[in-house]
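User: I am new to this structure and would like to learn how to read it. Could you walk me through it step by step?

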Amino acid sequence: MSAHMVITIYGVVAVTFMMAMYALEARHPRFVLAFAAGCLASSGYGFLAGAWPFGVVEAVWALVAVRRYLRAPAR
């Protein structure tokens with residue numbers, strides 16, 4: 001399997017995880033934190049794929065999600 005294919009598969013898994021966690025955010029604040037992790041994984045994919053603007057934007061979204069998690073009321 002080529003490196004390009006491995007990076008593509010990683011990207012599909014990372015973005016799918018990120019979107020699933022985004023869809024579940026209303027269920028519990030932990031999903032917001034999981035969304036942040038998905039954003040970091042997607043950011044890594046962006047840098048690996050050579051799409052550094054995507055990597056930067058996803059890293060910023062991860063920071064925004066962590067901030068939302070820290071400000072979420074405890075359940």
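This is a predicted model: local features need pLDDT of at least 70, side-chain atom pairs count only at pLDDT 80 or more; totals for chains, interfaces and linings use all residues.

User: Which helices and strands does the protein chain have, and how many?

Analyst: Helices (H or I, at least four residues) and strands (E, at least two) are DSSP runs, numbered from the N terminus. Here the protein chain has three helices and zero strands, giving the pattern α-α-α along the sequence. Its C-alpha atoms fill a box of roughly 45 × 20 × 10 Å along the principal axes.

User: How do I read the way α1 and α2 pack?

Analyst: Start with the axes, which are lines fitted to C-alpha atoms, for helices over the stretch in contact; angles run from 0 to 180 degrees between N-to-C directions. Helix α1 (residues 3–24) and helix α2 (residues 29–48) pack at about 155°, with axes 8 Å apart.

User: Which residues meet between α1 and α2?

Analyst: Contact means heavy atoms within 4.5 Å. On the α1 side, the residues include Ile7, Tyr10, Phe17 and Met21, and on the α2 side they include Phe31, Phe35, Cys39 and Tyr45. The contact of α1 with α2 divides into 16 nonpolar, five polar and no charged residues. In these classes, Ala, Val, Leu, Ile, Met, Phe, Trp, Tyr, Cys and Pro count as nonpolar, Asp, Glu, Lys and Arg as charged, and the others, Gly among them, as polar.

User: How do α2 and α3 cross?

Analyst: The axes of α2 and helix α3 (residues 52–71) come within 7 Å and cross at roughly 165°. α2 and α3 are therefore roughly antiparallel to each other. This crossing is left-handed, and the contact of α2 with α3 has 18 nonpolar, four polar and three charged residues.

User: Is Ser43 buried or exposed?

Analyst: Buried means under 20% relative accessible area, exposed over 50%, and partly exposed in between (1.4 Å probe, protein chains only). Ser43 lies in helix α2 and counts as buried, at 5% relative accessibility. A polar atom of the Ser43 side chain lies 2.6 Å from the backbone oxygen of Gly55. Beyond its neighbours within four places in sequence, Ser43 is in contact with Gly55, Glu58 and Ala59.

User: And where is Glu25?

Analyst: Glu25 sits in the loop between α1 and α2. At 15% relative accessibility, Glu25 counts as buried. Leaving aside neighbours within four places in sequence, Glu25 is in contact with Phe31, Val32, Phe35 and Arg68.

User: What about Phe54?

Analyst: Phe54 is found in helix α3 and counts as partly exposed, at 32% relative accessibility. Phe54 and Ser42 are 12 residues apart in sequence and 8.3 Å apart in space, C-alpha to C-alpha.

Definitions and conventions. Residues are numbered from 1 along each chain as its sequence is written. Side-chain values use heavy atoms; hydrogens and water are left out. A polar contact is a pair of N or O atoms within 3.5 Å; within protein, one must be able to donate a hydrogen and the other to accept it, and residues adjacent in sequence count only if both atoms are side-chain atoms. Angles under 35 degrees count as roughly parallel, over 145 as roughly antiparallel, 65 to 115 as roughly perpendicular and the rest as oblique. A crossing is left-handed if the near helix is turned anticlockwise from the far one by less than a right angle, and right-handed if clockwise.
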